[in-house]
Amino acid sequence: MPEDRVERTVHIAATTERVWDILTKPEHIGRWFGSGTPATVDLRPDGVMVLEPAHGERFLARVVKVDPPHYLAYRWASAYPDVLADETNSTLVEFHLSAEGAMTHLTVSESGFASLAIPAGREDFASHASHSRGWTEVLHNLAKYVEQGAA
């Protein structure tokens with residue numbers, strides 16, 4: 001049976017409110033997640049986030065739940081650029097934030113790989129293995145961006 005879930009955790013030297021802002025504000029998302037271009041974000045259930053990772057494609061993620069500054073969930077159709085994510089073509093990405101003293105404990109999990117149909121040639125962008133590597137790098141970028149005093 002294929003693996004279904006990726007989970008990564010990082011501790012960031014900042015408040016949960018600060019990490020939440022960096023995690024969700026358009027001007028920051030493009031810096032730690034992708035191309036550097038500000039993201040488009042409608043941060044409410046059923047809102048759309050346009051994500052542009054560094055490899056030059058656009059992904060129309062659909063927001064599932066928002067509970068500032070502790071929880072964000074969205075569906076991401078990483079196998080289908082420019083297609084709006086729904087329950088049939090996407091994985092569920094969840095961010096959990098909690099305070100630990102002066103630090104923020106941030107866990108990201110992405111699930112649904114086992115039932116995801118990935119078109120031939122898209123495995124490098126949408127598979128469990130690629131996202132397992134990707135989230136390690138992305139969380140490192142996020143922590144570095146926050147801790148270096150992102151404006």
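The model is predicted; local features need pLDDT of at least 70, side-chain atom pairs count only at pLDDT 80 or more, and totals for chains, interfaces and linings use all residues. Residues are numbered from 1 along each chain as its sequence is written, and side-chain values use heavy atoms, with hydrogens and water left out. Most residues other than glycine have a negative phi, and most peptide bonds are trans.

**Confidence**
- The protein chain has a mean pLDDT of 92 (pLDDT is the predictor's confidence in each residue, from 0 to 100).
- Of its residues, 96% reach 70 or more.
- Among the elements, strand E5 has the highest mean pLDDT, 98.
- Helix H3 (residues 123-126) has the lowest, 87.
- Helices (H or I, at least four residues) and strands (E, at least two) are DSSP runs, numbered from the N terminus.

**Cis peptide bond**
- The bond from Pro-68 to Pro-69 is cis, with omega near -15°.
- Pro-69 sits in the loop between strand E4 (59-67) and strand E5 (71-76).

**Positive phi outside glycine**
- Asp-46 has a positive phi, near 75°.
- Its loop runs between strand E2 (40-41) and strand E3 (48-51).
- Asp-46 counts as exposed because its relative accessibility is 53%.
- Asp-82 also is not a glycine, and its phi is positive at about 60°.
- The loop that holds Asp-82 lies between E5 and strand E6 (91-100).
- At 45% relative accessibility, Asp-82 counts as partly exposed.
- Exposed means over 50% relative accessible area, buried under 20%, and partly exposed in between (1.4 Å probe, protein chains only).
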